[in-house]
Amino acid sequence: MQEEMNGYTQLDLFSTNFQIPESTSKPMGESVIYKKYGISKVGNLSKLDQDSHTDLWSLFHQISQFIYLNGEWTWSDCLEAAKFLYPYLGFITAVSDEMEFNVSPVKNVVSLSSKEIQDLGLLAGRYSTYDYAIKLVLEKYDGKRHYLVLTDDFSKLEQMGTTFIYSGSNYNFTYISKGLLIGFAKLIKDILNEADKASNINPKRLWELLESLCSGKRSVNYLRYQRYNNSTWMNPDSLKLAMIYANKLGHKFSDLNDGPRAFQFVKSYLGKAYSQIFMQHREDNLVSICNTKSWNTQSSLNPAMLTYLYSSPLRQYFTQLQFDNNIATNELKSLEETLIDLMKILPKGKVLPVLRIKNIGHRSKNSLYLEAQNQIVIDMRRKYVDHEWRNGISTFVHQYGHYIDYQFTNKETPLSVQQSFSAVVRTVSDKLKNSKLDNKLVREHNLYAPTEIFAVSFELYLFYLGIQTKAMLSERSYLKQSYFNVFNECKVEIIKYFDNLFPELKVKVNQSAQETA
């Protein structure tokens, strides 16, 4: 690439080996959301578009349906799910503290033949097209025969919201849909795995809550746990009185908090799973873009462009500059002037990003951040996006927000899914759901993905600080554009978060304004 000659460095202007190799991001099947639920795709996101943050059952139900709709399941999966879910489907009415909640009491599951189903009177009736029955054989016979009926008879299932239970003197039946059977099993299995890591979750209270979520939103058990949804009554004074009362009765005070703790644990888990699904959907979209023919097409750079790669002052702010396409000299100069002024004040991580100029083969994408490669990709061509013409440089700050999200964390997770940012995510998500925004627009911009909420919030924060640059959208966009209006309602939370994250940034902005005044 470079050759030393008598103390001088000579550039090989006609070499194209300057380009960094493409990093390979994790295959979809190896990503977290795919592994823990066994799904094969991330689609059907409309199932998650309802207001679920205030209703635990709805969120539990929707994620379960999402899991089923995005997997390729067999009858063996149904049998395995039936065996695992037995304790949560109404067959057990009372439990002792000694019960092993992570071990199914089912010894074997048996598919019933058509003749056996007919003898049981379980043929598809007026409101269903099929009834498949599974016999559950216990390790210890409890005096009853247990059957799980997979049905699409929703007139039965909707009585409680999820399942229908019918019991006799020596038998009982639980009716459930195939989708919820598999979805519940996959979801509960992972909840239990996470509960084991938490170590402070009471197994009995967790079982009661999960059993109530499987039973349905109109079941007595679930209604009992709903009192924990609003725990404002659990203030210091009420807890002090509860402790005195518990001591008088000879109970451990910690036991009184086991129910609320289990409720908050499951609520937190489902909220995190909800976010992970939208984060994975965004990542899959990026993978799809990067697998297109146009993405892998590169131009031969002219000597002037190659020389620029080694002489640009932008090199101090980026790990590497990469140009996949030639751009006009005036565009190059504008890019350089815009970014140098901005990069003087922007926060910088331990690892600087790669700046990549490339034609993105997507009608509405003029910039990307690829976290696996730590690349900010800019398309300099003008595209008509959100009712205005833009080029990629105007969305640089947005992509820099993604860079901060992924590179400024000291944990395995991005800043956007950590507790400190959760108030912003929750507030924005709730306002999005209650807004009149077109769902197509919301999904097109992946606005439910926490990293998108983070990136939009970051560019708005700079706008609130008074920064004006070609690397951001116009003032009119931030004040008038539909989805920015939703974020502007969260201005106080956004400013508070980024003031705490970057206390020196506001000072730099003010100093820069004084210098240019």
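Q: Which residue does N108 stand opposite in β4?
A: N108 stands opposite V137 in β4, where strands (E, at least two residues) and helices (H or I, at least four) are DSSP runs numbered from the N terminus. This is a predicted model with residues numbered from 1 along each chain as its sequence is written, and local features need pLDDT of at least 70. Side-chain atom pairs count only at pLDDT 80 or more, while totals for chains, interfaces and linings use all residues, and side-chain values use heavy atoms, with hydrogens and water left out.

Q: And β3 with β4: parallel or antiparallel, and over how many bridges?
A: β3 and strand β4, which covers residues 131-138, run antiparallel and are joined by five bridges; two strands count as paired if DSSP finds at least two bridges between them.

Q: What order do the strands take in that open sheet of five?
A: The order is β3-β4-β5-β7-β6, and the pairing is mixed.

Q: Why is one side of β3 and of β6 left without a neighbour in the sheet?
A: β3 (106-111) and β6 (164-167) stand at the edges, and each has a single partner strand, so one side of each lacks a neighbour in the sheet. From one strand to the next, the twist averages 20°.

Q: Which strands do α3 and α6 lie across?
A: Helix α3 lies across β3, β4 and β5 (145-151), at about 45° to β4, whereas α6 lies across β5 and β7 (171-176), at about 90° to β7. Contact means heavy atoms within 4.5 Å, and angles run from 0 to 180 degrees between N-to-C directions of axes fitted to C-alpha atoms, for helices over the stretch in contact.

Q: Changing topic, how many cavities of 30 Å³ or more turn up?
A: A search of the whole structure finds two, a cavity being a set of points on a 1 Å grid over the protein atoms alone where a 1.4 Å probe fits but cannot get out.

Q: What lines the largest cavity?
A: D77, E80, A81, F84, I182, A185, K186 and K189 form the lining (residues with an atom within 4 Å of a point) of the largest cavity. The lining divides into four nonpolar, no polar and four charged residues.

Q: And the second largest cavity, what lines that?
A: The second largest cavity holds about 40 Å³ of space and is lined by L45, F278, H281, V442, R443, N446, L447 and Y448. Helices α11 (258-290) and α16 (439-444) each supply at least two residues of that lining.

Q: Back to strands: what order do the four in the other open sheet take?
A: They run β8-β9-β11-β10, again with mixed pairing, and the edge strands β8 and β10 (367-370) each pair on one side only. Here the twist averages 15° from one strand to the next.

Q: What is the bridge partner of L321 in β9?
A: In β9 the partner of L321 is L355, and β8 (residues 320-323) and β9 (residues 354-357) run parallel, joined by four bridges.

Q: And which strand holds the bridge partner of R356?
A: R356 has V377 in β11 as its bridge partner, and β9 pairs with β11 (residues 375-378) in the parallel sense over four bridges. Helix α14 (residues 396-407) lies across β9, β10 and β11, at about 10° to β10.

Technical notes:
On a 1 Å grid over the protein atoms alone, a cavity is a set of points where a 1.4 Å probe fits but cannot get out, and a pocket is an open set with protein on both sides within 12 Å along at least five of seven lines; lining residues have an atom within 4 Å of a point. Grid points are joined across faces, edges and corners, and a volume is the space filled by probe spheres set on the points. Ala, Val, Leu, Ile, Met, Phe, Trp, Tyr, Cys and Pro count as nonpolar, Asp, Glu, Lys and Arg as charged, and the others, Gly among them, as polar.
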